[in-house]
Amino acid sequence: MFRDVLQKPGEVDLNLAFARRAIELEDFEAAVATLERLLIGRSGLPLIRLELGMLYLRLEAPELAEAYFLQVLDDKTIAADVRARAEILLVSTREANARGSFAMSLSLGMKHQSNAVTKPELEDVIAQNTLRREIRPSWPNLSELDYPGLTPDSDVSQNGSLSISYSRELDGLTDRRFNASLNHYGSLQGSEGLKALDISVTSLRLGFDLPLSRGGRTPLSLNPYFSANVLNTDAVDNYAVTMAGGMSVNGYLGQRNPLALAFEYGEKTHEEARDADKDGARYNVSLSLGHIHSSGGYSSVSLKLDRAEADNDYEAATGGALNLSHSTSLWGFRLGGSLGYRENERDGVQSGGFAPIPQDIIRHDKDATAGLSLGRSIFGVGIDLSLNYTHRESNIPEAQYEDLTGSLNFSRSFQ
């Protein structure tokens, strides 16, 4: 039969019979070579493509098998039984094509803040502000205090993070994916007077990527997710737990203009009974529009609105933020810049013994931010240097501040 094939290499029936005989003898490579040769310069031949798909499945090459089964299904002239068989085989191939992968990222760094005591994170991190409680609350402005062991200068803090992520294709064809990540972050301020700023955060996130359309210039996808994080600060023996669920819709206004609309709803609880009235719901909606430059740079503008509800009026707040950012590459470096503005109102403020402020005052904060970043990868290690400036105006005198933060981080990722 092999001699006959050599004499008549273009005869379809003869080559197909030889390929099937090779399959019976489990010489799959010879069968593949024969059938592939028949397809050179020919269109159609759905039965041969079906045979090739089954052969590649047996050779544990599901990616190639999938391509041939799709070619069979694209042929409008095939018989119904052949189509049904190809559809069944395609399902098996997609399952075999599904892939899962792990990744890990490690980051170590340091930062210096010019005014860490009044950083805004302190309000959200610590339910009861130990710094303000330990010193006399009659002093109106923390940034002006001259207190042993407690100064606006934060010294240098150390921070580190470890992230482990897992991603798996659901069927190997539609780009539907399951994603999971676990991240732990810790920061030590390095000063006895600033222990209340020593924090650790552990976060878990589970989500899906569900493409609605992949073709053309405007792909569209849904990304539902669930997240949980625990924030702990040993200085006040307290922690906060937040669980949230959300959904984002990602698409394109044009070939180079990605668009994202997201909504999130979460519940936050504290450990200690005295903070029970600070537990509550948080929800936000955000809109982001980006532009991918031909040079590889990226610009974006984002708008975010958020609302927090709690039994304690002081913990109920409404806010909005607008951010502009741009990044580009130059001589192997990653350059970035950002500008931001945020306004936030709290429904009612307790004076807490500071100045004689009415209990039902509406606190109004306005934050202006600016940032610069420089990064480069050397031997697989990412090096990132950043400067961030924050200026806060507030109708509560002790809440006004300015802060300049510089940070240096080293990171390494493993796949």
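Strand 12 (residues 361-378) and strand 13 (residues 381-394) run antiparallel and are joined by 14 bridges, in a model that is predicted. Within this pairing, S377 has G382 of strand 13 as its bridge partner. The hairpin has 2 residues between its strands, and F379, found in the loop between strand 12 and strand 13, takes a positive phi of about 55 degrees although it is not a glycine. F379 is also exposed, with a relative accessible area of 81%.

## Overall composition and confidence

The secondary structure of the protein comes to 8 helices and 14 strands. Of its 415 residues, 36% count as buried, and the protein exposes about 23200 Å², of which carbon and sulfur atoms supply 58%. Among the contacts with a separation of 6 or more, 56% are accounted for by residues 24 or more positions apart.

The average pLDDT of the protein is 79, and 79% of the residues score at least 70. Over residues 118-152, however, the pLDDT is below 50, although this stretch has 82 contacts in the model beyond near neighbours in sequence. Residues 351-358 also have a pLDDT below 50, and this stretch has 14 contacts beyond near neighbours in sequence. Where pLDDT is low, the predicted coordinates should not be read in detail.

## The largest nonpolar core

The largest nonpolar core has 27 residues, and those that touch the most other members are L35, I48, L50, L52, L55, Y56 and F69. At least two residues of this core come from each of helix 2 (12-24), helix 3 (28-39), helix 4 (46-58), helix 5 (62-74) and helix 6 (80-97).

Leaving aside residues up to four places away in sequence, L50 touches F69, V72, V82, R85, A86 and L89.

Helix 2 has 13 residues and reaches 18 Å from its first C-alpha to its last, which is close to the 18 Å expected at 1.5 Å a residue. Its buried residues are L14, N15, L16, F18, A19, A22 and I23, and these pack against helix 1 (2-7), helix 3 and helix 4. As background to reading such a list, an α-helix has 3.6 residues a turn, so residues three or four places apart point the same way.

Just after helix 2 comes E26, which lies in the loop between helix 2 and helix 3. E26 has a positive phi of about 60 degrees although it is not a glycine, and E26 is exposed, with a relative accessible area of 59%.

## Strands 2, 3 and 4

Strand 3 (residues 177-188) pairs with strand 2 (residues 156-169) in the antiparallel sense over 12 bridges, and in this pairing S161 stands opposite Y185 of strand 3. Strand 3 is also joined to strand 4 (residues 199-213) by 11 bridges, and these two strands likewise run antiparallel. On that side, H184 has T202 of strand 4 as its bridge partner. In a regular strand the side chains alternate between the two faces of the sheet.

Notes: Residues numbered from 1 in each chain as written. Predicted model: local features only at pLDDT ≥ 70, side-chain atom pairs only at ≥ 80, totals over all residues. Heavy atoms only, no water. Core = buried A, V, L, I, M, F, W, Y, C linked by side-chain atoms within 4.5 Å. Buried < 20%, exposed > 50% of the residue type's maximum accessible area, 1.4 Å probe, protein only. Helix = DSSP H or I, 4+ residues; strand = E, 2+ residues; numbered from the N terminus. Contact = heavy atoms within 4.5 Å. Pairing = 2+ DSSP bridges. pLDDT = per-residue confidence, 0-100. Expected span 1.5 Å × (residues − 1). Areas by Shrake-Rupley, 256 points an atom, 1.4 Å probe, with all protein chains shown as cover.
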